[in-house]
Amino acid sequence: MSGVVVVGAGIVGSSVTYHLARQGVPVTLLEQGPAPAAGVTGDSFAWIRESGGRWPGGAQDLHEYVRADYRRLESELPHITVRRTGSLSWADTPAAVSQPGPGQFRIGRRDITALEPHLVHPPEQAVHTPSDAGVDPTALSHALVTAACAHGATVLHDTAVTSLQLTNGRVEGVLTSAGPHAATTVVLTAGTNIPELCAPLSADLAMAAAPATLARVAAPPGLVKTIVAGPDFEVREVRDGDLLLVVPHVADTAAAYEQAAQRALQHLKTAFQGSDRCRLLGYRTGRRPMPAHGPVIGYATHDRSVYVAVMHSAITLAPTVGRLVADELVTSRPAPELRRCRPRVL
Ligand SMILES: Cc1cc2nc3c(=O)[nH]c(=O)nc-3n(C[C@H](O)[C@H](O)[C@H](O)COP(=O)(O)OP(=O)(O)OC[C@H]3O[C@@H](n4cnc5c(N)ncnc54)[C@H](O)[C@@H]3O)c2cc1C
C-alpha cells in the first residue's frame, strides 16, 4: 500500500502528518524547504485565541476544541511550550474597546497595570482574555514532525511537489523535484500554493495570499508579560528576552517595510518603560493563506484521491484540524465538526 502523501510542512501539514502517524497510517511528508515551518508558519505571531477574534465560516465550529487539543498536544509532546499569559486588547478610546465575549473581561487601569507593569500610559479600559496563549510556531512544527517520525512517518525536505500525478483522471500520487511519489490519498497542506497545485482539478479553491509583517525584537526579559494588542501594535514575548511584534501593513516595497518595522519599534519603546535597550533583530513578511469564507478542509475530488486543508489562524486551529483530518482519513467517516469547511467540488 502506498499510503498518504502530505504536501507542505507548515503547522497544518506537520499536525496532519503527526496525527496520521500516531494512528499507524503509512505517511510521507514532502516539504520544498530545508526544514518544517519554511513558509508563513515561521513568520507568524502565533497567538492562540480561544475566545474573541474572528471565526469565519466553519472556524466557528472548531474553536471550542482549541484548548483541549493544545492541552493534549502538550502532554503528548513534552518539549513544546505554550505560554499561557492571557491577552490585553484595547482601542484608541474606551468606547471603541470591543464588547467582551465569553471568557473575556473588561478591566480598568489598575488591573491593566497589575498585568503589564511596564506600560507608560496604561489605557483606561481593556479586554482581558486570561485563556489566550502563544507558542513558538517553528518549534511546534519541528516537534510535531519529530514525533511523526518517531511514529514511523517519512519526512523529505528540499522536495518540491511540481504537480499532481494524474492517470486516467485519477490522482495516483505527486511528481516532485526528486521523482514521483505514489499515494492512495494526497493531502495538500501547501498554504498559498494549493490553488496552483489544484489547477487540474475541478474544485473551487480561490483564496487570497494576504501579506503581514512580523518583527523580532531583543528586549529585557519580562518587559512584556501578556499578549498586548493596542491600537498601534501587537506584541508578545515568545521566549525570555525575545519579542514578536506585528508591523502594520504598508505598501509592498522593501523601503516601506523597513520604515514600518522601525516605526513599530518606536511605538513599542514609547509604550513600555525600560525598553531603551530594545533592538530590532529583523523582520519578515509572510503571505497568509486566506480562503474567503473560512477554513477549507476536505476532499477536493469526488474519488477522494485529493484532500485539502487550508485556513487562516492555523496556529490556533492546527492541533484540532490535524486530529479531525486524521480521523476522517482513517475511518472514512465525515467529521461533523468540519461540515461547514468543505471545498466546493464542481
Ligand atoms: C505576521 C503574521 C501574524 C500571524 N498571526 C497569527 C496568530 O496570531 N494566530 C494564528 O493562529 N495565525 C496567525 N497567522 C497566520 C498563520 O501563521 C497561518 O494561518 C499558518 O502559518 C498557515 O499555515 P500553513 O501550514 O497552512 O501554511 P505554511 O506555513 O505556508 O505551510 C505550507 C508549507 O508548504 C510548503 N510548500 C508549498 N508548496 C509546496 C510544494 N509545491 N511542494 C512542497 N512543499 C510546498 C511550504 O514551503 C510551507 O512550508 C499569522 C501570520 C502572519 C504572517
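Which elements each supply at least two residues of the shell around the ligand? They are α1, β15 (207-218), β19 (279-291) and α7 (314-331); helices (H or I, at least four residues) and strands (E, at least two) are DSSP runs numbered from the N terminus. This is a predicted model, in which local features need pLDDT of at least 70, side-chain atom pairs count only at pLDDT 80 or more, and totals for chains, interfaces and linings use all residues. Residues are numbered from 1 along each chain as its sequence is written.

**Ligand shell**
- Gly 8, Gly 10, Gly 39, Ser 44 and Gly 191 come nearest among the 38 residues around the ligand (C-beta atom, placed from the backbone, within 6 Å).
- The shell divides into 20 nonpolar, 15 polar and three charged residues (nonpolar: Ala, Val, Leu, Ile, Met, Phe, Trp, Tyr, Cys and Pro; charged: Asp, Glu, Lys and Arg; polar: the others, Gly among them).
- Domain 1 and domain 2 each contribute at least three residues to this shell.

**Domains**
- The domain assignment (automatic or from a database) gives domain 1 (4-79 + 136-206 + 292-345) and domain 2 (87-130 + 209-289).
- The C-alpha centres of the two domains lie 30 Å apart.
- Their contact takes 13 residues from domain 1 and 21 residues from domain 2 (C-beta atoms, placed from the backbone, within 7 Å).

**Helices α1 and α4**
- The axes of α1 (residues 11-21) and α4 (residues 137-150) come within 8 Å and cross at roughly 25 degrees (lines fitted to C-alpha atoms over the stretch in contact, with angles from 0 to 180 degrees between N-to-C directions).
- The two helices are therefore roughly parallel (angles under 35 degrees).
- Residues of the α1 contact with α4 comprise nine nonpolar, four polar and no charged.

Definitions and conventions. Contact = placed C-beta atoms within 7 Å. Parallel < 35°, antiparallel > 145°, perpendicular 65-115°, else oblique.
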